[in-house]
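Work through the exercises below with the sequence and the model at hand. Each task is followed by its solution.

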Amino acid sequence: MHGPVSAAWLLVALCAATGAYCLLRMRSAVEEQRRSAGGEALMGFGMAAMAVPAAVFTPPGWAWPVYAAVFGLAALRALWAARRDRHHLHHLVGAGAMAYMAAAMAVAPPAAHSMEGVSMEGMSMEGMHGGTGVPVVTGALLLYFTGYVLLSGARLVPAAVTVGGPPSPARWGDRPELALACRLSMAIGMVAMLVTM
């Protein structure tokens, strides 16, 4: 999961800021905002922890299976919540991707965890996929999150500015465009993490 140090720190900052905003959204007056914000905060902080450069901190070997279990449980929770709201299917894919990346790091040779700027492809996945290039699951996740980034970015572009239109909610946690920007930031981070595998 570790790329060049400066890019890794940018990813840590992006994901931590996103996680912090999601914590703020947990205080929203809008029920749907509160319902999804906790899982998104977990994703943001989890992604920030996974992106910390290995030169600064290399998690012990037992940490990767713990990450995989935590995000596996988050995926099950999102699957349960998807019965009410299909938006949680995106949370399911995100939590599943995090569990997948943590599992890949758990089976990677220890040397693969500390090599800065070196592609993880062929190291962390070679044992599972025979070193035949990008694994199918990684490729499918990259396609999904790239598509999500493009569609979410297009949705954030204002169609037209209307004078005297409905005012934005006053509270930061209630702003749907900020929630979408939060999800967009995490999807961009996910693409960056998947590319370095």
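**Exercise 1.** State how many helices and strands the chain of this predicted model has.

Solution. The chain contains seven helices and zero strands. In sequence order the pattern is therefore α-α-α-α-α-α-α. Of its 197 residues, 42% are buried.

**Exercise 2.** Find which residues form a nonpolar patch on the surface, and classify Val5 by accessibility.

Solution. The patch consists of Val5, Trp9, Val56 and Phe57, which together have about 370 Å² of accessible area. Val5 belongs to helix 1 (residues 5–25). Its relative accessibility is 37%. Partly exposed covers the range between under 20% (buried) and over 50% (exposed), so Val5 is partly exposed.

**Exercise 3.** Count the aromatic pairs and classify the geometry of Trp64 with Tyr67 and of Tyr144 with Tyr148.

Solution. There are three aromatic pairs.

- Step 1: the ring centres of Trp64 and Tyr67 are 5.3 Å apart and the planes meet at 85 degrees; an angle over 60 counts as edge-to-face, so this pair is edge-to-face. The two residues are three apart in helix 3 (residues 63–81), about one helical turn. Trp64 is buried, at 2% relative accessibility.
- Step 2: the ring centres of Tyr144 and Tyr148 are 6.3 Å apart with planes at 25 degrees; under 30 counts as stacked, so this pair is stacked. Both residues lie in helix 6 (residues 136–156), four residues apart. Tyr144 is partly exposed at 31%, whereas Tyr148 is buried at 15%.
- Step 3: ring pairs join Tyr144, Phe145 and Tyr148 into a cluster.

Methods. Residues numbered from 1 in each chain as written. Predicted model: local features only at pLDDT ≥ 70, side-chain atom pairs only at ≥ 80, totals over all residues. Heavy atoms only, no water. Buried < 20%, exposed > 50% of the residue type's maximum accessible area, 1.4 Å probe, protein only. Patch = residues over 30% accessible without salt bridge, like charges linked within 9 Å, V, L, I, M, F, W, Y side chains within 5 Å. Areas by Shrake-Rupley, 256 points an atom, 1.4 Å probe, with all protein chains shown as cover. Salt bridge = Lys/Arg side-chain N within 4 Å of Asp/Glu carboxyl O. Phe/Tyr/Trp six-rings, centres within 6.5 Å; stacked < 30°, edge-to-face > 60°.
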